[in-house]
Amino acid sequence: MTVRPRLALALTCAALFSFGVVFGTDDGKQRDKFRQLEELLPTPNAYRSASGAPGHQYWQQRADYVIQVELDDERQHLTGSETITYSNHSPDTLSYLWLQLDPNIFGPESHAVTTSLAPDLESASYESLRRALTRRDFDGSCKITAVRGERGIDLAHTIQGTMMRIDLPKPLASGERATFSVDWNYRINNHKEVGGRTGYERFEKDGNCIYEIAQWFPRMAAYTDVNGWQHKQYLGAGEFTLEFGDYVVSITVPDDHVVAASGVLQNASEVLSAAQRERLTQAESSDKPLFIVTPEEAKANESHTPTGKKTWVYRADNVRDFAFASSRKFIWDAVSHRVDDKSVWAMSYYPKEGEPLWSKYSTAAIQHTLDVYSKHTFTYPYPVAISVNGPVGGMEYPMICFNGPRPEEDGTYSKGTKYGLISVVIHEVGHNYFPMIVNSDERQWTWMDEGLNTFLQYLAEQEWEDDYPSGRGEPANITSYMKSTDQVPIMTNSDSLVQFGNNAYAKPATALNILRETVMGRELFDFAFREYARRWQFKRPQPADFFRTLEDASAVDLDWFWNGWFYSTDACDLALDKLRLYKIDTRDPNVEKPLAKEKRESKPTSLAEQRNAELATRVQRFPELADFYNTYDDLDVTQKDLEEYEKLVKDLKDDQKALLQSRLNFYVVDVRDIGGLVMPVILEAEFDDGSREEHRIAAEVWRKGANSVSKLILSEKKLVRLVLDPHLETADIDLSNNVYPPELDEKRFQLRSNRERRPSGNPMKDARELERKAKDATAPAEPGENAKPTAPVEATTPKGGGK
């Protein structure tokens, strides 16, 4: 693949060009789209430098947790107790602390419920209406039963929506620590009925549940140099702003459950069988995932009645959050994967309903993500990365993520399901880098983790296989959104975003792809992006830190780009406004006058002229009226013309004669900015001999406020076709005005009978059905629960100690 350098003006012998500009805008207002961002961005200080790096006095708080939690599988209830040690590294003295009570979003009086808009009842489904009614009555809010200080003394506390303030018995000075404990409990939400980023799923056929538990414990709100306390209410869209710390979490569940969690299991000898521990040992040196809990063990667990409880203890160091999943249905596969110079466990947990898709792709996608993301940022620092199949479609936490796609009951799956699983695993595992390590403020700026992560997801998808069907990243895929009127700038608070996925995921990811491929070039961009990631790993960046770092590490002024892509809703619509051909007049009458005659004679004859040709004119009837001018032709070559030309040539220098006699064509191309989004101008010229020339002009061509620029292409060849943005690099929303000569917009439409069968959307299922018919089989297809996994191929049989 050709790596395109950063756009620059070029002058070659084959094609020369220059520019003229037309100032102003269509609305008559002058707008400086190259205005520097310094007046918008916060002033650099000792905490955040002008280069975009952390300042020499940068600080952040820390919160360490020791938690005991019990999951009640009969009542779908969670009860917990925690001890938090909070370290005040800020220069400020704090008289109170704020904690986040995220389960309160499931209270019937929460802001998320009371501010939700009416559903579209004209197209309501059973599921959507049931969810709306259940959401109105369900109370999954956090019940705080105790808040105590270090000596067990009750601490005054106030609950405000999804936040809780704890009033300290004495102010917490800079450099000091406070330790306190909180007891709580809440009902776990049925994800199908209530939704959310957490919850449980019940399988009606076997009566078992999968629990994916997140936002489940009272956790410290972030206190930062930018906002002080970040205690904006949790409304659902804006995710989380958190502090780093160490966690030791003891999770008590029925004794036949398997638990996956952030961090490293501390008591494998107490919760795993001897055979399962042996398989873990084998997986450390295997080159393919092995089953730790086999499909046979998982199936046996489904019909098992627990006789007691087990407590799984996990430790996670230097993380900003903690999540876990629990079920007796889990199959568990794992492999130790090498990332640069360290070993990382790649693990997947899933029910039999996920097969054969999950054993084939989930852990492989984890490994691939760690490889690609580490190459573009920093080496993955944690010891494990986990993907869990359950009710949550896609959600991320340190070292663990929840992913939803499954095959159909017969084990077949559509193309969309296959690539949907691979993509969501890449995306959610990738979130370990953004925001779990590069710890941006999700509650305020969704794009800082979702947009950057979606960009890296696109890079990872393209390295998975040729022609991977990436939904986001390519500029051509964002044009429908860019031309819509229902949008707000990327730099909008998370809870106020319109078209959330397009705004916070697709548009910033596309913007970064354009920076990498078109504006900066891969080498410059990759260095600058990696520098940002390494500067801010385990720290909390702001948008200004990202913008400044990319410029600081590349020496490319990108303020025009941030202005257009992040602070506006302008779209790119560049158009070939006009194309003109100029040739040098040789001044030779034997050349120029015949050409002029030819042009005159090729002029179309008007309708009146055609009809008047039959008229007998007066001069025809009275020839004596004719004089010199009736036979004179000013395009005839005269002796005077020849003498003047001879004199002209005689006075010219040799280089002037050469220019006069050259056969160059001067093509002037007028490019107009209709959409308002400043972008580079990329032109491909095709000539009559089949050759092509590409001209790449930096966006700075628009820097003086022009809305129209003229480009000069100089060539001895005849131009037959001109294309603006030939490689679809700029997200141009209207390609119909990008081609000369204009092209016919040709489309095809289908006729269908009312009885015609629609495609199923699952070619694998269709192929299996055709196979069955061809063999005249009468038995139904095998159920999904019998579909055999294909990826983990070793150590699938328990060696003892299994159920």
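Is Phe529 buried or exposed? Phe529 is buried, with a relative accessible area of 2%. Keep in mind as you look around that this is a predicted model. Let's start with the aromatic rings and then turn to the backbone.

A pair of aromatic rings is described by the distance of the centres and the angle of the planes. Searching the whole structure turns up 50 aromatic pairs. One of them joins Tyr419 and Tyr468, whose ring centres are 5.0 Å apart with 85° between the planes, an edge-to-face arrangement. Tyr419 belongs to helix H8 (residues 415-430), while Tyr468 sits in the loop between helix H9 (447-462) and helix H10 (479-482), so this pair ties together parts that are 49 residues apart in sequence. Tyr419 is buried at 12% relative accessible area, and Tyr468 is buried too, at 5%.

Now back to Phe529, which has a ring partner in Phe455: their centres lie 5.7 Å apart and their planes meet at 70°, so this pair is edge-to-face. Because Phe455 is in helix H9 and Phe529 in helix H12 (residues 522-536), the contact ties together parts that are 74 residues apart in sequence. Phe455 is buried as well, with a relative accessibility of 1%.

Rings can also gather in groups. One aromatic cluster includes Phe34, Trp447, Tyr532 and Trp560 among its members. Some rings have a charged neighbour instead. The charged end of Arg219 sits over the ring of Phe240, 4.7 Å from the ring centre, and Lys329 lies over the face of Phe203, at 4.3 Å from the centre of that ring.

Next, follow the backbone. Most residues other than glycine have a negative phi, and most peptide bonds are trans. Where can you find cis bonds here? Glu355 and Pro356 are joined by a cis peptide bond, with omega about 5°; Pro356 is in the loop between strand E21 (342-350) and helix H7 (357-376). Another cis peptide bond links Phe434 to Pro435, with omega about 15°, and Pro435 lies in the loop between H8 and H9.

Gln76, which is not a glycine, has a phi of about 50°. Gln76 is located in the loop between strand E2 (62-72) and strand E3 (77-87), and counts as buried at 9% relative accessibility. Met399 has a positive phi near 70° and occupies the loop between strand E23 (394-397) and strand E24 (400-403). Met399 is also buried, with a relative accessible area of 1%.

Key: Residues are numbered from 1 along each chain as its sequence is written. This is a predicted model: local features need pLDDT of at least 70, side-chain atom pairs count only at pLDDT 80 or more; totals for chains, interfaces and linings use all residues. Side-chain values use heavy atoms; hydrogens and water are left out. Rings of Phe, Tyr and Trp (its six-membered ring) pair if their centres lie within 6.5 Å; planes under 30 degrees apart count as stacked, over 60 as edge-to-face and the rest as tilted. Helices (H or I, at least four residues) and strands (E, at least two) are DSSP runs, numbered from the N terminus. Buried means under 20% relative accessible area, exposed over 50%, partly exposed in between (1.4 Å probe, protein chains only). A charge sits over a ring if NZ of Lys or CZ of Arg is within 6 Å of the ring centre and within 35 degrees of the ring normal.
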